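Subject: Handover of a structure and notes on it

Dear colleague,

Please find below the structure that I am passing on to you. My notes follow it.

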Amino acid sequence: MNKITKLSLSLITSLVLSACGGSGGGSSQSQAAPINSAPTEKAQEKQAPKQALPNTQKEEAQPEPMPKESEESALPPVKEQENPTDKAPLPKEPEAHPNPEQAPSPSQGNEDIKPEKPVKPMVEDRQPEPMPQSYNDQEVLKELSLDHEAQPYLTLTLNDDKKVALALAKADDKLNHITRDKVETLRDSQGNLVGYYGYALVNHLKQNEDEPDKFEGLAPKDYYLFSADERQKHRPETQATLHYEGKMFYRYNEDNLTPKTAEVFAQYKGENKTASMWIKDGANRWYLTENRVGNLKAAQREVDVSEDGVFSGHLLHDKTGEATKVTPDGNFVGGFYGSQGDVLVGEANGLNWKGVVGATVKQEEK
């Protein structure tokens, strides 16, 4: 019985153990499932960010234009806040210099302003600058001369009225005698002595060639004289038109002892740097022209003036004063002198006459 009892007990025990083992195995499997599931969840968690990264990158890549537009639209206010002083001078620059590349540097500012001066129309009203150096009357008198034929007999002096006058070269000269003379003193608008023009009639005692102590009579001679200080010769420095008035002392060859006087009218046009002149004595007219023609309408009435103030031209003679017919009759050579080129002086030579011309700028009446 004991053996049977032991066997039965052992069987029961094995059955119980097997039953417990089956239930234990089931519990272990039920517990192992969560253990096995935990690693898969962790793996999913590890894989999830890897899969989420490309998704988030795609999501961020797609809306990129939107933040850029917002950033670009926000740039102007940011710059205004960061550099308010940079924008302040911007409206001022276009006012002074619309083209920034042409805007001058501070050192070149004066150079841009200077060229504007010559463009100003007031140049026409600008008064010529005076000569850089002035001379007293005695200094100028030494620069004046006489005709070479008159030099042995005459000399120039200044009288008490500070006018140029003629006198005999030798105070004790008994062989020569001034019978008639006329001299006009030329001064510029500043009162400076410039020159003179005029004439003199001189009686020369005629000596016997065989006996020098004896005289055979008188030999009258006329001298038409003019001179100006060459240091003061220059073209007028003005753009305006200057008007001159004066005289011409002249004589005809067949009547050399009868001096005549004519009126002189002249103009200088600063715009063209040309001179024009006409001379009047009764019905007689002489016109200064560039060309030598027989019709006054076809004549070029203005002649060029060189930089040193010299001008010349032909003289057309109108005997009737009606300007219907003119004939070529000599020429004129002269120039402008004085601090402002306001003195005109020269010499005229006709076919059968000769003369000297002097004129000064006509002062406007106040």
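Predicted model: local features only at pLDDT ≥ 70, side-chain atom pairs only at ≥ 80, totals over all residues.

Overall picture

The chain has 366 residues, and buried residues account for 29% of them. Its secondary structure consists of 6 helices and 14 strands. Of the contacts between residues at least 6 apart in sequence, 55% join residues at least 24 apart. The accessible surface amounts to about 24,100 Å², and carbon and sulfur atoms hold 51% of that area.

Nonpolar cores

In soluble globular proteins, nonpolar side chains tend to be buried together. In this model, the largest nonpolar core contains 26 residues. The residues with the most contacts inside this core are Y244, M248, F311, F332 and L344. At least two core residues come from each of the strands β6, β7, β8, β9 (284-289), β11, β12, β13 (343-349) and β14 (353-361). Strand β6 gives the largest share, with 5 residues.

Once its neighbours within four places in sequence are set aside, F332 is in contact with a number of residues, among them M277, L288, F311, L315, L344, A348 and V357. Its contacts also include S312, G313, G346 and E347.

There is also a second, separate core, which has 19 residues. V140, L141, Y196 and A200 are included in this second core.

Aromatic pairs

The structure holds 13 aromatic pairs. A pair of aromatic rings is described by the distance of the centres and the angle of the planes. For Y199 and F249, the ring centres are 5.5 Å apart and the planes stand at 75°, so this pair is edge-to-face. Y199 belongs to strand β4 (residues 193-207) and F249 to strand β6 (residues 241-252); the pair therefore ties together parts that are 50 residues apart in sequence. Both Y199 and F249 are buried.

The pair of F311 and F336, by contrast, is stacked, with 5.0 Å from centre to centre and 25° between the planes. F311 lies in strand β11 (residues 310-318) and F336 in strand β12 (residues 327-337), so this pair ties together parts that are 25 residues apart in sequence. F311 counts as buried because its relative accessibility is 2%, and F336 counts as buried because its value is 0%. Ring pairs also link F311 and F336 with Y244, Y268 and F332 into a cluster.

Charges over rings

The charged end of K221 is placed over the ring of Y223, at 5.9 Å from the ring centre. R231 lies over the face of Y135, and its distance from the ring centre is 3.7 Å.

Two loop residues

K162 has a positive phi, near 60°, although this residue is not a glycine. K162 is located in the loop between β1 (154-158) and β2 (164-168). With a relative accessible area of 54%, K162 is exposed.

K273 is likewise not a glycine, and its phi is positive at about 55°. The loop that holds K273 runs between β7 (260-269) and β8 (274-281). K273 is partly exposed, at a relative accessible area of 31%.

With kind regards

How values were computed. Residues numbered from 1 in each chain as written. Heavy atoms only, no water. Phe/Tyr/Trp six-rings, centres within 6.5 Å; stacked < 30°, edge-to-face > 60°. Helix = DSSP H or I, 4+ residues; strand = E, 2+ residues; numbered from the N terminus. Buried < 20%, exposed > 50% of the residue type's maximum accessible area, 1.4 Å probe, protein only. Lys NZ or Arg CZ within 6 Å of the ring centre and 35° of its normal. Contact = heavy atoms within 4.5 Å. Areas by Shrake-Rupley, 256 points an atom, 1.4 Å probe, with all protein chains shown as cover. Core = buried A, V, L, I, M, F, W, Y, C linked by side-chain atoms within 4.5 Å.
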